[in-house]
Amino acid sequence: MSEANAHEVEGRAATNPLTPVLTRRWLSPESWSLRTYEELEGYTALRTALAAHPDQLTELVKAAGLRGRGGAGFPSGVKWGFMPKDRSKPHYLVINADEGEPGTCKDVPLMMADPHSLIEGCVIAAYAMRANHCMIYVRGEALHCIRRLHHAVREAYSAGYLGENILDSGFDLDVVVHAGAGAYICGEETALLDSLEGKRGQPRLKPPFPAQAGLYSCPTTVNNVETIASVPYVVNGGADWFRSMGREKSPGPKIFSLSGHVERPGQYEAPLGTTLRELLELAGGMKDGIPLKFWTPGGSSTPLFTADHLDVPLDFEGATEAGSMLGTTALMIFNETVSVPWAVMKWTQFYEHESCGKCTPCREGCFWMAQVLERMVEGRGTEEDIDTLLDVCDNVLGRSFCALGDGAVSPITSGIKYFREEFRALCESNRGQDTTEASESALAGVAR
Amino acid sequence: MTEQFDYTTTEHVVGPEAADPAAEETVFDERVRAEARLIVERYPESRSALLPMLHLVQSVQGHVTAEGMRFCAEQLALSTAEVNAVATFYTMYKRQPCGQFLVSVCTNTLCAAMGGDEIYRALSEELEAGHEETAGTPGAEGSVTLEHAECLAACDFAPVLQVNYEYFDNQTVAGALETVRALRRGERRSPTRGAPLTDFRDTERQLAGFFDGPGAEEAATASAAAPETVRGADQARERGWTAPPMPEEVELPPIPDKK
């Protein structure tokens with residue numbers, strides 16, 4: 001324990017380096033089955049919750065300081081509190097299981113290993129928000145999750161945890177598992193709602209916010225899988241227990257997903273505020289000992305970090321103060337062999353492909369930025385291109401309809417901020433040279 | 001060297017083929033119509049059924065055809081233009097006949113850096129097919145459609161590919177080639193996580209929300225345990241690390257005063 005704690009972050013509650021809460025059942029045989037779930041305290045929080053007043057649950061989640069695990073980090077209890085208390089219109093709870101942010105791979109394993117924790121969380125959250133319908137919008141490509149959730153929902157219905165008069169409480173809830181069809185933008189909550197209504201997944205203007213007019217123009221809350229799966233533990237453990245992990249403004253445990261050039265990539269559940277240095281130690285360090293070059297704290301939409309950021313506390317405040325965002329705690333780790341301009345080009349091509357086309361800055365901006373980057377990586381770029389890129393970024397950031405545009409500029413601006421020399425070297429090396437040779441050097445990083 | 005994948009296609013252009021009501025009734029028979037109604041019943045408002053219904057159309061025809069769009073429009077009282085707008089927005093709706101197996105290789109940054117680009121290139125050469133192109137006669141035994149996919153949410157298993165949306169993790173060029181050659185012979189390799197492979201059309205049936213194919217029950221309970229997934233949990237257990245213990249009694253906050 002001492003080794004991993006060597007760089008303990010100030011202001012973080014003292015705990016073990018790893019705090020399995022959401023991942024606690026994952027090692028159990030048939031962890032996804034109702035039987036295993038019930039043997040390990042499953043659906044006990046639901047009984048407590050249904051005996052309470054709905055508003056007590058919202059207050060509890062506020063007191064616990066649970067923040068949205070889908071990337072934005074908005075306080076979940078506050079979000080729930082936006083829902084009207086009257087029932088003049090149906091209320092909806094929508095689960096965002098459209099995990100697609102590059103690098104993000106926490107919700108898919110959670111739903112595969114422990115779908116009932118999500119379902120129990122859904123019932124508690126729906127009860128708190130007076131919703132009798134819950135939709136789980138799962139990414140279409142995650143077929144096994146869809147299958148598993150569907151099976152778990154059926155199990156929950158037959159055990160009386162879903163349907164009419166749940167556990168004799170008088171509360172009814174129907175859950176529909178809905179498969180998406182391949183569109184990153186549907187992870188944006190209002191685009192998800194449009195998609196769920198059977199339309200093209202394009203974001204809506206806010207306000208009105210979903211709590212006022214969401215699904216079918218009715219009061220709706222959209223929450224991430226990991227957020228809702230945390231709720232049963234908050235109910236069972238209470239606010240103080242939840243706050244005994246993590247940092248004051250970002251309490252609780254969080255699933256950190258390590259991928260890329262590390263010895264043991266995978267899912268590590270640790271308190272918020274844990275640093276990459278600590279996580280790397282748990283993951284066996286850099287793959288083959290090749291030094292770290294750059295990484296993302298929470299997916300490709302969060303500005304890059306470098307080896308200088310190993311001790312940044314990975315919580316919502318810490319990542320922001322250091323110039324990035326916590327996002328989804330998707331830690332993509334790249335070693336020295338990877339070319340930054342190449343990586344940035346690949347991500348930009350992703351945003352170009354996934355831009356929904358609704359607003360001009362994002363649709364045109366991503367398209368042009370990808371072209372400029374392709375040109376540079378191919379060896380036909382000039383130093384002016386760097387300024388052009390930054391100029392286009394400036395016209396996309398904050399001027400796009402939704403956060404996709406903001407996310408698209410993150411790798412570019414942060415890549416140039418920390419590795420401008422590498423972009424410049426690419427232009428230098430291109431000068432007067434055969435382009436094929438230049439592109440070889442630009443791609444040196446791609447070889448393993 | 002640099003992969004410049006061409007995303008621009010004209011496949012979304014629906015041909016001017018004339019509607020033939022009789023033929024459409026044969027393709028989308030009473031059983032399919034009944035299933036379409038079942039999908040509608042799941043939702044408070046009928047239009048929500050459109051995405052699953054397009055998956056149902058693909059389970060019948062192997063891709064979304066003009067008649068498939070008309071079928072959806074008719075079931076949901078929409079115009080075909082509205083259905084077309086939706087069908088062309090989402091990448092999982094194929095507008096060209098799809099193979100028995102759809103092979104999706106992640107070529108997003110992280111997978112690409114870990115070897116995904118090489119895998120895509122090797123498979124493309126092997127199959128003599130580019131993005132969304134098919135080796136063999138689409139739908140026939142051993143036909144394989146290739147595509148490069150965006151991040152498949154399995155980055156800890158990079159590089160990954162999917163066959164009919166089942167995960168094949170930690171791929172190598174050699175391993176991926178072997179898998180695809182087996183598929184071409186009509187042999188189904190087991191995915192790393194998920195259920196045994198079925199056909200693309202069966203897969204689409206599940207995406208439409210029907211889990212009644214052969215082996216559906218086994219598929220739902222097929223193990224998805226993978227070392228990467230449980231690495232943190234494993235290490236915590238080995239070292240005896242747990243989260244702080246929960247208190248015996250938890251008091252809920254009082255009911256807030258009504259404003």
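Two strands count as paired if DSSP finds at least two bridges between them, and strands (E, at least two residues) and helices (H or I, at least four) are DSSP runs numbered from the N terminus. With that in hand, let's start in chain A of this predicted model. Four strands form an open, parallel sheet there, in the order β3-β2-β1-β4. β3 (174–179) and β4 (220–224) of chain A stand at the edges with a single partner strand each, so one side of each has no neighbour in the sheet.

Look next at β1 (residues 92–97) and β2 (residues 133–138) of chain A, which run parallel and are joined by six bridges. N96(A) has Y137(A) in β2(A) as its bridge partner.

Now let's move to chain B and its helix α7. The buried residues of α7(B) are A176(B), T179(B), V180(B) and L183(B); buried means that 20 or more other C-beta atoms, placed from the backbone, lie within 10 Å of the residue's own, exposed that 12 or fewer do, and partly exposed is in between. The face turned away from the buried side of α7(B) carries the exposed A174(B) and E178(B). After α7(B) comes G186(B), with a positive phi near 85°.

A few notes on reading the model: residues are numbered from 1 along each chain as its sequence is written, while chains are lettered from A and ligands numbered from 1 in the order in which they are written. Local features need pLDDT of at least 70 and side-chain atom pairs count only at pLDDT 80 or more, whereas totals for chains, interfaces and linings use all residues.
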